[in-house]
Amino acid sequence: MNIYKDFKNPDIIEKLVRKIRTYKGKTIRIMEVCGSHTDAIGKYGIREILPKNVTFISGPGCPVCVTDTLYMDKAIELSYNPNIIICSFGDLIKVKGSQNTLKGAKVVLSPMECLDMAKSNPQKEIVFLSVGFETTTPITALTLKKAYDENIKNISFFVSNKTMPNILRFLLSQKVEADAFLFPGHVATIEGYEFYERFCNENNLKGTVCGFEPVDILASISFILFEKDNFKNLYGRFVSKKGNEVAQALVCDIFEECDTYLREIGLVKGAGLKIRDKYSDYDANTKFNLKYDPKFVIKDKTCLCGEIMLGRKSPLDCPLFGNSCTPMKAFGPCMVSAEGSCASYYKYKSQ
Ligand code: SF4
């Protein structure tokens, strides 16, 4: 297949939709773990074409949605220091701490931009707010390594990165009612599909590593509904069994596993990353004595986001949805991020 055209090909899409609509089996709940899938499912109207006995439920894979309040409070505290330039990916700028939002943070497309900023602002401290899953962690690791190798001293990283495998194990421990999973293709590009295959086989669950185009998602649904095997890698154009081992080695050199906190959900053992002692000069938590520790996060049950990210509720169950909570005046994190379930349901008017 042509990777640019065929994954949006109307003939292939129509054929898959017709097949999916013939499904008459038991009720299937498919969890799209990742915010990029939530967005793609809404954007391409895929919820609307499903038979009644097949539903999508959201998981906790939107990095901005799961970034906890204490982390944001500490980042906001730094942003009020006139000697510090805070940099972050776009959506984090809008996320609230317990009281307010970041002051004057700069949006970057890559943390690498922070290196130039550090060189051209030697009198300032540059702090990159590093959140995200396996997809974005390698570029943070590479930036930190470059800063270390080039002995750039006025840059540091405030880290709240998460890892997918322990979050999936946590979901099972929470008895989420998912019969099948769409696993994020970009995350698997880095870590490989081996873990996901084992996860499905060991737990007798169905799942695919899935891309983000309509044909990727429809082919995944078709596999889940009609095939006997538990698992298939349907993002073979980028994902191998072992993944990107160069990126994995780099991440492993810079970071070690730690516990983390998923906003409105709770503490998840071993699903976070922290900077290794060797690189502690680049850890904003140490450099600015922030005392950020996920075990001290207080659960802020402000809305249904926690239940939505565990697949127990839909954004449409929330009485605030579309009334007092919209992307223009978001009440909870799932409405702030473009990849949050509430924002996606609102934007694409999903049923
Ligand atoms: Fe929270 Fe708003 Fe979503 Fe309701 S609609 S769950 S208040 S983000």
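Predicted model: local features only at pLDDT ≥ 70, side-chain atom pairs only at ≥ 80, totals over all residues.

Q: How many salt bridges does the structure hold?
A: There are 15 salt bridges in the structure. One of them pairs Arg 47 with Glu 32, and the closest N and O atoms are 3.9 Å apart.

Q: Where in the chain do Arg 47 and Glu 32 sit?
A: Arg 47 belongs to helix H3 (residues 46-49), while Glu 32 belongs to strand E1 (residues 28-34). The two are 15 residues apart, and the pair links distant parts of the chain.

Q: Now the domains. How is the protein chain divided?
A: Domain 1 covers 1-314, and domain 2 covers 315-348. Taken over C-alpha atoms, their centres are separated by 19 Å. In the contact, domain 1 takes part with 26 residues and domain 2 with 20 residues.

Q: What area is buried between domain 1 and domain 2?
A: About 1,900 Å² is buried there, and carbon and sulfur atoms give 60% of that area.

Q: Which three residues of domain 1 supply more of its buried area than any other three?
A: They are Asp 39, Cys 65 and Ser 314, which supply 25% of the area that domain 1 buries against domain 2.

Q: How many salt bridges does the rule find across that interface?
A: The rule finds 1 salt bridge between domain 1 and domain 2. The side chains of Asp 39 and Lys 347 also meet in a salt bridge, at 3.3 Å from N to O.

Q: Which elements give two or more residues to the side of domain 1 that touches domain 2?
A: Those elements are helix H2 (35-43) and helix H13 (305-309). H2 provides the largest share, 6 residues. Sorted by class, that side of domain 1 has 10 nonpolar, 7 polar and 9 charged residues.

Q: Changing topic to the sheet: in what order do the 4 strands lie?
A: The order is E4-E3-E5-E6, in an open sheet with parallel pairing. Strand E4 (106-107) and strand E6 (155-161) are the edge strands, each pairing on one side only.

Q: How many bridges join E3 to E4?
A: Strand E3 (residues 84-88) is joined to E4 by 2 bridges, and the two strands run parallel. Val 107 in E4 is the bridge partner of Ser 88.

Q: One last residue. Where is Asn 285 found, and which backbone nitrogen does its side chain reach at 3.4 Å?
A: Asn 285 is found in helix H12 (residues 284-287). The side chain of Asn 285 reaches the backbone nitrogen of Lys 291 at 3.4 Å. A polar atom of that side chain also lies 3.0 Å from the backbone nitrogen of Tyr 292.

Q: What does Asn 285 touch, not counting residues up to four places away in sequence?
A: With those residues left out, Asn 285 touches Phe 158, Leu 290, Lys 291 and Tyr 292.

How values were computed:
Residues numbered from 1 in each chain as written. Heavy atoms only, no water. Domains from an automatic or database assignment. Contact = heavy atoms within 4.5 Å. Buried area = accessible area lost by both parts, 1.4 Å probe. Salt bridge = Lys/Arg side-chain N within 4 Å of Asp/Glu carboxyl O. Nonpolar A, V, L, I, M, F, W, Y, C, P; charged D, E, K, R; others polar. Pairing = 2+ DSSP bridges. Polar contact = N/O pair within 3.5 Å; in protein donor to acceptor, adjacent residues only side chain to side chain.
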